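Try each task before reading its solution.

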Amino acid sequence: MKCRVCRGKAVIEVRRHNAAFCRDHFVEHVQRQVARTIHDFRMFSPTERLVLGVSGGKDSLALWDVLTDLGYRVDGVYLDLGIDGYSPDSLTYSRRFAEKRGLDLEVVDLKHRYGFSIPEAAKASRRTPCSACGLSKRYILNQVAEEGGYDVLVMGHNLDDEAATLFGNVLQWNVGYLARQRPVLPASDDGLCRKVKPLVRVAERETAAYAVLRGIEYEVEECPMAAGNTINRYKEWLNRLEDRSPGLKAQFLFGFWERGQQGFTDAESVELTTCTTCGAPTTGEVCAFCRLQAVTLVEVGRRREAAGG
Amino acid sequence: MKVILRQPRREIQVDGVTTVAQLLKKLDLVAESVLVIRGDELLTTDARLSDDDVVELRPVISGGATV
Ligand code: SF4
Ligand SMILES: [Zn+2]
Ligand SMILES: [Zn+2]
């Protein structure tokens with residue numbers, strides 16, 4: 001296979017674009033896709049203060065690399081979720097990346113700051129680990145962004161993350177989520193920071209390839225709590241469809257945003273109020289994070305007592 | 001050839017395939033879900049393989065919850 005640009009030896013094929021690229025031209029291709037996404041969705045401008053949610057995986061580190069290369073100054077925040085056999089390594093990869101490039105990385109330790117870890121929260125709340133984790137990450141990253149005076153919270157979600165989430169929401173007809181899933185979530189007066197996803201045009205395989213080709217070391221092993229995760233299963237199914245019809249994932253996702261979403265948005269208007277415990281915006285009385293924290297702390301306390309404390 | 005799989009890391013022996021496409025097919029994998037890495041190079045599906053190669057098949061799917 002030959003590079004579409006220079007006819008040199010290709011290292012990666014991007015079938016949905018009917019193209020293959022050598023290393024340098026692939027890097028350029030990805031960066032261009034990201035720049036275009038930032039521009040088209042009016043995500044942010046170079047003068048705004050940006051903070052990126054960093055996990056130590058390929059997506060967040062590749063995105064940090066791309067944005068830095070495009071000339072943006074981006075700080076990172078890493079959440080230590082307290083997951084044994086996973087959190088320590090992914091923190092190491094994140095730290096190493098930041099140090100090498102002279103970037104700022106803030107580390108927030110869940111157990112230290114909120115009194116519980118993700119495994120504890122999953123157990124106490126009987127949510128799946130990824131559900132407890134997702135809601136905690138959403139809440140905490142927003143809080144960190146607000147406290148730090150950032151204008152924009154940047155997330156590393158790629159095309160496959162978004163397509164699989166959409167697929168799941170369609171299978172379940174989660175009309176509320178269908179109304180709200182977007183590449184840019186605007187800021188709100190009641191304390192939600194603008195949230196953007198500049199990788200939505202880049203497939204998961206491409207962010208992984210980008211990381212490898214740029215010499216970025218990242219956490220390849222999967223989080224031990226992800227086993228049996230439905231989103232990952234949807235990704236595999238979508239990839240099998242993509243293999244037969246290149247472009248299908250992008251068509252599904254962008255077609256939804258261009259033509260499908262409006263109907264859901266029109267039907268859905270949620271009234272947000274403020275959480276009576278922490279003041280964050282919520283649809284109920286107490287926000288989901290405060291409820292999760294409360295049940296977990298009770299359970300953690302109970303177990304400590306039972307252990308003779 | 002020696003094939004390194006991840007999540008978790010382990011090794012298997014696969015012989016009698018001469019291209020990346022054949023290797024993926026033999027293991028029932030789709031190219032969209034893995035990177036094929038030999039040394040420090042990424043391989044496209046038409047790349048030729050020989051029995052004394054060491055090839056890593058690195059899954060690209062990761063993550064769980066959407067934040
Ligand atoms: S796989 Fe699930 S539990 Fe693990 S870090 Fe991701 S969202 Fe959290
Ligand atoms: Zn080239
Ligand atoms: Zn709250």
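**Exercise 1: the chain interface**

Task: find which side chain of chain B meets Glu221(A) in a salt bridge.

Solution. Glu221(A) pairs with Arg6(B), at 3.0 Å from N to O. A salt bridge here is a Lys or Arg side-chain nitrogen within 4 Å of an Asp or Glu carboxyl oxygen. By that rule, 3 salt bridges cross the interface of chain A and chain B. Next, look at the area: about 2,900 Å² is buried between the two chains, with 52% from carbon and sulfur atoms. Buried area is the accessible area (1.4 Å probe) that both parts lose on being put together, summed over both. Glu221(A), Arg205(A) and Val220(A) lose the most in chain A, together 21% of what that side buries.

A note on the model: it is predicted, local features need pLDDT of at least 70, side-chain atom pairs need 80 or more, and totals for chains, interfaces and linings use all residues. Residues are numbered from 1 along each chain as written, chains are lettered from A and ligands numbered from 1 in written order, and side-chain values use heavy atoms, without hydrogens or water.

**Exercise 2: the zinc site**

Task: work out which residues hold the zinc ion (ligand 3) and what geometry they give.

Solution. Start with the donors (N, O or S atoms within 2.8 Å of the metal, or 3.2 Å for Na, K and Ca; water is not among the atoms, so sites may look incomplete). They are the SG atoms of Cys275(A), Cys278(A), Cys287(A) and Cys290(A), 2.3 to 2.4 Å from the zinc ion. Their sequence spacing reads C-x2-C-x8-C-x2-C. Finally, check the angles: 103 to 117° among the 4 donor atoms makes the site tetrahedral (four donors, all angles between 85 and 135 degrees).

How values were computed:
Tetrahedral: all angles 85-135°; square planar, octahedral: opposite > 155°, others 65-115°.
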